[in-house]
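Here is a friendly tour of a protein model, written for someone meeting structures like this for the first time. Have a look at the picture before reading on.

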2 protein chains.
Amino acid sequence: MSEIIVQKFGGTSVGSVERIESVAEIVKNASHSNTVIVVVSAMSGETNKLIKLANHFGENPDKREFDALVSTGETISSALLTMALHSKGIKARSFSASQISMKTTDSYSKAKILDVDAEKILKVIEDGTIPIITGFQGITEGGDVTTLGRGGSDTTAVAIAAQVNASRCDIYTDVDGIFTTDPKIVSNAKKLDSITMEEMLELAGQGAKVIQTRAVEFANKYNVPVRVLSSFNDGEGTLINLKEETMENALVSGIAFQKDQVKFTLHGVGDIPGTAFKILGPISDAEVEVDVIVQNVSVDGKTDFTFTVSAEDQDTVTKVIEDIKSEVEFNDLMIDSEIAKVSIVGVGMRSQAGVASKAFKALSQNDVNIQIICTSEIKITMVIDKDLVDKAVQVLHEEFELDK
Amino acid sequence: MSEIIVQKFGGTSVGSVERIESVAEIVKNASHSNTVIVVVSAMSGETNKLIKLANHFGENPDKREFDALVSTGETISSALLTMALHSKGIKARSFSASQISMKTTDSYSKAKILDVDAEKILKVIEDGTIPIITGFQGITEGGDVTTLGRGGSDTTAVAIAAQVNASRCDIYTDVDGIFTTDPKIVSNAKKLDSITMEEMLELAGQGAKVIQTRAVEFANKYNVPVRVLSSFNDGEGTLINLKEETMENALVSGIAFQKDQVKFTLHGVGDIPGTAFKILGPISDAEVEVDVIVQNVSVDGKTDFTFTVSAEDQDTVTKVIEDIKSEVEFNDLMIDSEIAKVSIVGVGMRSQAGVASKAFKALSQNDVNIQIICTSEIKITMVIDKDLVDKAVQVLHEEFELDK
C-alpha cells in the first residue's frame with residue numbers, strides 16, 4: 001500500500017454538484033500515487049438552512065435533536081462525492097460517524113473525539129476503495145449523534161490521519177493557503193509556504209479561520225503534518241511544519257484578528273486564592289472556551305478580573321456568572337461586545353526583544369487605543385475597539401514588513 | 001401505561017415547518033389519552049431534491065450510496081417534529097433506524113424489514129417520552145443504511161405497531177380516507193368508513209396510493225388494526241378491518257387503477273412445465289414485483305406469456321429477459337408502455353355472479369377495449385389503453401352505483 005494521505009474538503013469546496021465534480025477529480029488524481037482517505041463537510045449553505053428550520057421551533061432547540069438534524073448535511077455530501085467518484089470509475093464508499101464508530105463525548109454541538117475505528121477504515125483502503133467519511137459528525141457511547149462544532153470536519157480529518165498513521169493531512173479550502181494576514185484587509189498580504197505548528201495554533205485560535213484550532217492541536221499532539229491548500233486553484237498551499245528546526249524563524253509571521261468577541265469584567269473581585277478557578281471552572285463546565293484572561297494587580301485586596309469569550313457564548317456566560325454570584329464576591333459586572341482582538345504571531349518573537357514596543361508605538365501613532373494586552377512566548381494579543389480592527393491590522397502588517 | 005397507538009405522518013403532512021407544527025398538535029392531543037409512538041416521512045419534495053442531486057452523477061447511482069443519501073430526509077423531519085413537540089412542552093426524542101436497530105435485508109432501495117428493537121422503544125415510552133422514529137430507513141446487519149422503497153414509512157409504522165403490540169396504527173395522509181375511487185376522477189366518489197383488509201390489499205396493490213401494499217400485508221400478518229385519515233382535516237378516516245365478519249360485504253367496494261405500468265409479452269413460448277418459473281424467477285431475483293400474469297391456452301405446444309410490471313422496472317426486466325434468452329425459447333418480445341390497469345374490488349363479488357360480465361358490458365358500450373382480463377376471488381383486473389383509464393373508472397363507478 002502506498003503512503004496514506006487524508007484529504008479534507010470544506011463546505012465551499014463541495015458547495016455544488018459542479019464543485020463536487022472538481023473535488024472528485026482532485027481525489028482521483030491523488031489516488032494515482034497515494035492511498036487516499038477523504039473527509040467532507042456539508043455543502044455550504046446546507047447547515048445554515050437546517051439551522052433556520054430548527055429555529056422555527058424556538059431559539060434554543062434541544063441539543064441532541066439539533067445535532068441529529070445538522071449532521072445530515074455531511075451524510076448528503078459524502079454520498080454525493082462517492083457517486084461522483086463512481087462516475088469517474090473510482091472505487092469509493094461513504095461512511096457516517098456511526099459506521100466508523102467515531103466515538104465522542106456527549107457534549108452535543110461541541111463534542112470531543114474519543115476514538116475512531118481505524119481497523120474498519122484500513123480494511124476499506126486495503127481493498128483499494130476510497131472511504132468518503134462524514135466530517136463534523138460523531139456518535140456517543142449510547143449511539144446518539146453528536147457534532148464537533150463549526151469547523152469540526154478539520155478535526156475529524158486530523159484525528160483519522162493520526163489513527164491510520166497517514167503521512168499527511170491535506171485541508172482543502174477556498175483560500176490558497178495561510179497568509180501573513182487577511183488579504184481582504186491588507187491587499188499585499190503574502191502566502192506563507194510553511195508555518196510552524198505553534199504559530200498556526202496561535203493564528204487559528206485568533207480567527208485566521210482557515211483551519212480549526214482543535215484540529216491543529218490534534219495534529220500537534222499526534223505529529224500529523226498538515227497542509228492547507230485550495231480546491232479551486234492549483235498550488236502547494238501552506239505546510240504546517242511539525243519540527244521547529246525547519247522553520248524560517250521570521251521575527252513575526254502573521255497578524256491575526258477576531259471580531260465576534262465579548263469582554264467580561266468583574267470589578268472588585270476579592271484577590272484570594274481560588275477565585276479565578278471559581279469563575280472559570282463553571283464557565284468551562286458550560287463548554288465555553290475562554291480566551292484572553294487578565295487579572296490586574298490588586299489594590300486593597302480587590303482586583304478586576306477580565307476575560308473574553310466568543311460572542312455566541314455571551315448569554316451562557318452571563319447566566320453562569322449569575323449562578324456563581326453567591327460564591328464569588330464582586331462589585332459589578334461589565335459586558336462589552338464592542339471589542340475585537342488583534343494578535344501578532346511569530347516564533348521568532350521569543351528571542352527578539354522589542355516586538356511589543358514596536359507594535360504599541362505604531363498603533364498609538366495611528367490613534368488605536370489598546371484596552372488589554374496579553375502576551376505569550378510567540379504571540380502578543382491586544383483587545384481594541386471593534387471599529388479599529390482593519391486599521392490596526394494594516395498598520396501592523398506594514399510595520400513588520402510582512403509584504404516583503 | 002395507556003393503550004399504545006402508532007401515528008405515521010406522510011410527506012405532505014410534514015411538508016413545511018407550519019405543517020410540522022400542526023402535526024405536533026395532533027400528536028400532543030393523542031398523547032393525552034394514549035401512549036404515542038410516531039413515525040415520520042421526509043418533508044415532501046425533500047427526497048426528490050436529493051434524487052435530483054444524485055442524478056447529476058449518472059442515471060444509476062450506486063444503490064448503497066443512494067440509500068445513504070435519500071434516507072437523510074427522514075432524519076431531518078424526525079428531529080424537527082421532536083423540536084416542535086418540545087416547544088409545546090411535550091417530552092419527545094428522535095430515533096433513526098440505526099438507533100432502534102431497524103434491521104432489514106440488504107436489498108438497497110427495496111429493503112425488507114427483518115427485526116426492530118422493540119425493547120428500546122418500550123423503554124422510551126415507559127419514561128413518558130414520545131419516540132419520533134424515521135420511517136423509510138433501515139439498517140443492514142453490517143450497519144449500512146437501506147431504504148424500504150417509496151411509501152416505505154407505512155411499513156415502518158405497521159412493523160413497529162406489531163412489535164410493540166400497539167392497539168392501532170394511524171396512517172395520516174393528505175386525504176380523508178379510502179374512497180370508492182379517486183375523487184379527482186369521479187367527483188362523487190364516497191369515503192368508506194371501513195374496509196376489509198383483503199379489499200385494502202387489493203386496492204393498495206392497484207395503486208389507490210393511500211397506503212403501501214407491504215404495510216397492509218404486515219398489518220394483516222400481525223393483526224394490527226390500521227386507520228387511514230387526514231392530518232389536514234378532522235375526521236375518523238377509514239378503518240381497515242381485521243375481521244371479515246364485521247365487514248359490510250358490499251358487492252363492489254371500489255375501483256382502483258394504476259397508470260405507470262408496462263406490459264411484456266413473450267410470443268411463442270414453449271408450453272412446457274417450468275417455463276413460467278424460468279421467466280419469473282430471475283425477475284423476482286431482481287427485486288421486481290410482477291403484477292398481472294396471463295398465459296393463454298397453447299396452440300401447437302406454443303403459448304404467449306404476458307405480465308405487467310411497474311414502469312420504473314422496465315429496463316431491469318428487459319435486461320433480465322435478454323439474460324435468460326438462452327434458457328427460455330420464444331419467438332419475440334413485445335413491450336408496451338401505453339397501458340394501464342383498472343380493477344373492480346369487493347369482497348361481496350365472490351358470492352355474486354355477474355360482476356365481471358356487467359363490467360365488460362359497460363366498458364364495451366363506452367368503447368373501452370379490454371386487452372387482458374385477470375380475476376381473483378375479490379378483484380377483477382383489466383389492462384386497457386392508458387388514455388382510456390379516466391373514462392373506464394367513471395363508467396365503472398357509475399355502473400356499480402358507488403356514489404350511493
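Let us begin with one residue in chain B. V226(B) touches V158(B), C169(B), I171(B), A219(B) and I240(B), leaving aside residues up to four places away in sequence. Here, touching or being in contact means that the C-beta atoms of two residues, placed from the backbone, lie within 7 Å. V226(B) sits in strand β11 (residues 226–230) of chain B. Helices (H or I, at least four residues) and strands (E, at least two) are DSSP runs, numbered from the N terminus. V226(B) and L53(B) are 173 residues apart in sequence, and their C-alpha atoms are 35 Å apart in space.

A word on how to read all this. This is a predicted model, in which local features need pLDDT of at least 70, side-chain atom pairs count only at pLDDT 80 or more, and totals for chains, interfaces and linings use all residues. Residues are numbered from 1 along each chain as its sequence is written, while chains are lettered from A and ligands numbered from 1 in the order in which they are written.

How confident is the predictor? Its confidence in each residue is the pLDDT, from 0 to 100. Chain A has a mean pLDDT of 88, and 94% of its residues reach 70 or more. For the complex, the predictor gives an ipTM of 0.71 and a pTM of 0.74.

Now for burial. A residue is buried if 20 or more other C-beta atoms (placed from the backbone) lie within 10 Å of its own, exposed if 12 or fewer, and partly exposed in between.

| Residue | C-beta neighbours inside 10 Å | Class |
|---|---|---|
| V226(B) | 28 neighbours | buried |
| S101(B) | 18 neighbours | partly exposed |
| E401(B) | 11 neighbours | exposed |

S101(B) is in the loop between β3 (92–95) and β4 (103–104) of chain B, and its phi is positive, about 50°, although it is not a glycine. E401(B), in the segment after α12 (389–399) of chain B, is not a glycine either, yet has a positive phi of about 50°.

Turning to chain A, 49% of its 404 residues count as buried. In helix α8 (residues 213–221) of chain A, the buried residues are T213(A), R214(A), A215(A), V216(A), F218(A) and A219(A).

Which residues have the most contacts inside the largest nonpolar core? They are L80(A), L81(A), V158(A), L81(B) and V158(B), in a core of 213 residues. Such a core is a set of buried Ala, Val, Leu, Ile, Met, Phe, Trp, Tyr and Cys residues joined through C-beta atoms within 7 Å. Among the residues that L81(A) touches are V14(A), I20(A) and I132(A).

What about the overall form? Chain A has 12 helices and 18 strands. Its radius of gyration is 22 Å, close to the 22 Å that the globule rule gives for 404 residues, so chain A is as compact as a globular protein of that length. That radius is taken over C-alpha atoms, and the rule is 2.2 Å times the number of residues to the power 0.38.

Finally, the two chains meet: 26 residues of chain B are in contact with 26 residues of chain A. On the chain B side, α2 (46–55), α3 (63–70) and α4 (72–87) each give two or more residues, and α4(B) gives the most, with 10 residues.

Technical notes
pLDDT is the predictor's confidence in each residue, from 0 to 100.
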